[in-house]
Amino acid sequence: MIDEGSPDFLTGYRDAKLVHSVIHEIKQRITQSWILMEICGGQTHAIMQYGLDQLLPDEIELVHGPGCPVCVTSLELIDQALWIAKQPDVIFTSFGDMLRVPGSQEDLFSVRAFGGDVRVVYSPMNAVKIAQENPNKEVVFFAIGFETTAPVNAMAVIQAEKIGLHNFSILPANVLVPPAMHTILSSPGNRIQGFLAAGHVCAVMGYWEYPPIADEYQTPIVVTGFEPLDLVIGILQTITMLEEDRVAAENAYSRVVSFEGNRAAQKMINQVFEPVDRSWRGIGEIPQSGLGLRKAYKDYDAERRFDSSGINTSESEICIAGQVLQGIKKPYDCPAFGTLCTPQSPLGAPMVSSEGACAAYYHYGRKTNDVRA
Amino acid sequence: MCLGIPGKILSIYEDHGTKMAKIDFGGVSQDACIEVIPNAKPGEWTIVHAGFALNKLSEKEALETLDMLREMTELAEQEDLKHHD
């Protein structure tokens, strides 16, 4: 195979000249201060990585949203995962990010260190393969993620059923973006004036759910991608609406996202999952904000297969992750940031995941609010 | 977590009745499930997350946006030159 390199239609979205040109346009249009939230942790990471926060005009404050599944998975679910992983004859599979997330007492890494069979998988479909290869073991997959990950989590269950596997189950932990947006926008302390919606969530779901939210809270929403040019275009469109006193849900990631989204993927999610109330770490319970397995697939529910009732959970008293995830405080406002809490020894989940706001601030040296100094 | 990597579909096959594809990610080829983009063809682009194609990636839409921005940038540069004249 001849490697032709990445084509222009991909590399063009990292073109510094175009990024500067869009930032110039933002500076032309902006007349006052605006506070925007990027929902997705992947976007937070990209903003820091490319230094966009330092290139944008001072009038724009970017607040980092709760779109980091590793960060918002509840302590109860983490402790449950840890308990299941410690059971004999269990192979516990997970995305790598989850292994260092602190539970009440320990993390999945320490379970593995003490002999638990904890394996990192790239995809839940790999966990199905592990179950096929280990018929005498119970294989459990920790099904975290937003709408982006829901179809592949559903696919793993469908695949297990197709093959006739009886030793595979998932610990359902999927969460949904729109209910979280409602929670943030209706909170009395809300400061968010515009949203950059998560591009890959919308690749699956489309953005038909967003016009009513934009309308109800009079807050512009722009579906935004992950490359530096995508991010500044998303910001330009949001600022333009705010400056023109216009409210709508717009799409700045049209090469991947359509209004209706991927209907086949949505159908797959609905076949396997149904909305359930779910608790978000640091935020609390949000009604109908999670995905649980439908009755027809309850046999694949690890919560049913393993009775882990009676676990007591206790959260770190210092960590302010909940306020960081809601955009109320910045990571450097936390007394433990970079001292008691580091990626090597995290107190809260946002310091663990590469998408967590605390980890992004730590890695890219945003240690005070004086980022432009 | 919601990382999606653009890749080009090389070939399509089935595994236990599930639609799969070999996908090229800038020179590295990997398998991914393409069950929810059933009409995808070799040579087309897709966004892959955790071994699962989320949607097709439209080359045409991508280029249209870039062309528009390049035009805008050129116009701004010309304006700038005029101001300096």
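Colleague: At what angle do helix α2 of chain A and helix α1 of chain B pack?

Modeller: About 70°, with the axes 10 Å apart; axes are lines fitted to C-alpha atoms, for helices over the stretch in contact, and angles run from 0 to 180 degrees between N-to-C directions. Helices are DSSP runs (H or I, at least four residues), numbered from the N terminus. This is a predicted model, where local features need pLDDT of at least 70 and side-chain atom pairs pLDDT 80 or more, while totals for chains, interfaces and linings use all residues. Residues are numbered from 1 along each chain as its sequence is written, with chains lettered from A in the order written.

Colleague: Which residues make the contact?

Modeller: Lys17(A), Leu18(A), Ser21(A), Val22(A) and His24(A) from α2(A) meet Leu69(B), Arg70(B), Met72(B), Thr73(B) and Ala76(B) from α1(B). In contact means C-beta atoms, placed from the backbone, within 7 Å.

Colleague: Now the chains overall. How many residues does each put into the contact?

Modeller: Chain A gives 44 residues and chain B gives 34.

Colleague: And which helix gives the most on the chain A side?

Modeller: α9(A), with six residues.

Colleague: Switching topic, what does Ala53(B) touch?

Modeller: Leaving out residues up to four places away in sequence, Ala53(B) touches Ala32(B), Cys33(B), Ile34(B), Val36(B), Ile37(B), Thr46(B), Ile47(B) and Val48(B).

Technical notes
Helices (H or I, at least four residues) and strands (E, at least two) are DSSP runs, numbered from the N terminus. Two residues are in contact if their C-beta atoms, placed from the backbone, lie within 7 Å.
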